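Please look at the sequence and the structure first.

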Amino acid sequence: MDDRLQHVYDKVIRRNPGEAEFHQAVHEVLDTLAPVAAKHPHYADAAIIPRLCEPERQIIFRVPWVDDRGEVQINRGFRVEFNSALGPYKGGLRFHPSVYLGIVKFLGFEQIFKNALTGLPIGGAKGGSDFDPKGRSEGEVMRFCQSFMTELYRHVGEYTDIPAGDIGVGGREIGYLFGQYKRITNRYESGVFTGKGLTWGGSQVRTEATGYGTVFFVQEMLRSRGEELDGKRVVVSGSGNVAIYAIEKLESLGATVVACSDSGGYVVDEKGIDLDLLKEVKLGRRERLAAYAEARADADHVTGGSIWDVPCDVALPCATQNELSGRDAEVLVRNGCTLVAEGANMPCSPEAVKVLTEADVAFAPGKAANAGGVATSALEMQQNASRDSWSFDYTEQRLAEIMANIHQRCLETADEYGLPGNYSAGANIAGFIQVADAMLALGVI
C-alpha cells in the first residue's frame with residue numbers, strides 16, 4: 001500500500017479497534033487507490049480519503065421486545081449513515097446473530113462505492129440487529145420489528161435515509177417495519193423503505209434484483225472474453241433470495257447450476273438444481289437443503305467439506321462475508337474455474353482474491369457484481385416519487401442496462417489507471433472518484 005494511504009489505514013485501525021470486517025473493507029479499497037492519489041493530489045489536500053473512512057453518523061440503540069412466553073428480550077440495533085455526498089443514505093438492514101458495529105460499518109463502507117457505481121443519486125448506509133428471526137414466530141418477528149422501528153423511525157425518511165432488506169430481512173420484515181413507521185408518523189411515505197410488497201408500493205424485480213444483477217454482470221464479463229453463459233457449469237453458494245434468483249437467471253440463459261448451500265451443508269445435483277423444488281423448500285417451507293435432497297433422488301446432501309470443492313466453470317459466492325477462503329480459491333483454480341463474481345458482500349477473503357488474481361481468474365467484487373439490488377431499490381424510489389408502477393420487463397431491462405454500464409465503467413477505469421482487466425481496482429477507483437468529487441463540491445462538512 002502507498003505510504004500516504006497506509007497512514008490513513010493505520011489511523012482507521014487505531015480509531016476502530018476490534019472491527020475486523022471494517023478494517024478488511026477499508027484495506028481492500030485503499031490498496032487500489034495509489035494511482036488515484038498520484039494523479040489527483042488535491043484529494044489528499046482536502047483529506048477526502050480520511051473523511052470517507054469516517055461515518056457521518058453512527059446510531060446504536062436498545063431493542064426491547066416480549067417473546068411468546070411473555071419474557072422480555074433485549075437486542076441491539078444499529079444504523080451507520082456513512083456518506084451522503086451523492087444523495088440520501090441508502091442501504092439494507094441485516095438481522096443476524098453475527099451483527100455488531102464492525103459488520104455494519106464494513107457493509108456501509110462498501111455501500112458507498114456500490115451505490116456510486118449505479119450512477120444513481122444515493123449515498124451509502126447500512127443497519128441491522130443481532131436479532132435472529134430463524135425459529136421465531138410471526139408474532140415475535142412482528143413485535144421485534146415494531147420495537148426496532150420505534151427507535152429507528154426518527155433517523156430515516158425518503159429524503160434522509162432509505163433502508164431496505166438484507167440477510168434476515170425480507171418482505172415480511174419490511175412490511176412490519178414500514179407499518180410501524182406509518183403508525184408512528186401518521187404519513188404514508190412509500191419512499192422511506194424499498195423492498196416493499198407489490199400491492200403497497202413495491203417494485204417489480206426487486207426480489208430478484210441482486211441475483212439477476214449478478215448474472216447480468218457475469219454475462220458481460222464473459223462477453224468481454226468472447227464467451228457466453230450457455231453451457232457453463234456453475235456453483236452458487238447460499239440459498240436465500242440472492243442465490244435462488246441467480247440460479248433462476250443462470251438456468252434461463254443456458255447454464256447448469258450443479259450446487260447450492262445453506263448453513264447445514266450443500267447439495268450437489270448434477271442434472272442441474274430443480275428451481276421449483278428449491279423455492280418450495282427454502283421460500284415456501286423454510287426448511288434446510290437436506291429436504292431438497294430427500295425429495296430428489298439424484299441430489300446428494302453434503303455436510304462436510306466446502307461447496308467450492310465441486311468443480312465448475314463459474315463460481316458465485318452468494319451467502320456471507322469471507323465464506324470463500326484462500327484454500328477454497330486454490331481448489332477452484334485447480335478444478336478449472338475461470339470466473340468468480342461476488343453475489344454477497346465481501347464473500348471472498350483477501351487470500352482468496354490474491355489466489356484468484358494470480359491465477360488469472362476473472363474476479364468481480366461485490367460492490368460491482370451485486371449492485372443490482374440497490375439499483376432496483378433506487379428504481380423503486382423513482383416509481384414511488386412519481387406515484388408510478390413499471391412492468392416487470394421494463395424494470396428488468398433497466399436493471400440489465402445499469403449492470404452493463406457498471407461493467408463498462410469498471411473496465412474503462414481499470415484501463416485508464418494502468419490496471420487492465422482488474423475489476424476490483426476499476427470498481428474502487430470509479431466509485432471513489434464520483435464520491436470524492438461530490439465531497440469536494442460540498443465543502444468540509
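## The sheet

Seven strands form an open sheet with mixed pairing, in the order β9-β8-β7-β6-β10-β11-β12. Its edge strands, β9 (300-302) and β12 (362-364), each pair on one side only. On average, neighbouring strands of this sheet are turned by 15° against each other, direction ignored. Axes are lines fitted to C-alpha atoms, for helices over the stretch in contact, and angles run from 0 to 180 degrees between N-to-C directions.

Helices (H or I, at least four residues) and strands (E, at least two) are DSSP runs, numbered from the N terminus. Two strands count as paired if DSSP finds at least two bridges between them.

## Basis of the model

The model is predicted: local features need pLDDT of at least 70, side-chain atom pairs count only at pLDDT 80 or more, and totals for chains, interfaces and linings use all residues. Residues are numbered from 1 along each chain as its sequence is written, and side-chain values use heavy atoms, with hydrogens and water left out.

## Strand β6 and its partners

Strand β6 (residues 233-236) pairs with β10 (residues 314-316) in the parallel sense over three bridges. Here Val-234 has Val-314 of β10 as its bridge partner. β6 is also joined to β7 by three bridges, and these two strands run parallel; Val-235 is partnered with Ala-259 in β7.

## Strand β7 and its surroundings

Strand β7 (residues 256-262) is largely enclosed by the rest of the structure, because six of its seven residues are buried (under 20% relative accessible area, with exposed over 50% and partly exposed in between; 1.4 Å probe, protein chains only). β7 and β8 (residues 265-268) pair in the antiparallel sense over four bridges, and a hairpin joins them through two residues. Cys-260 stands opposite Val-267 in β8.
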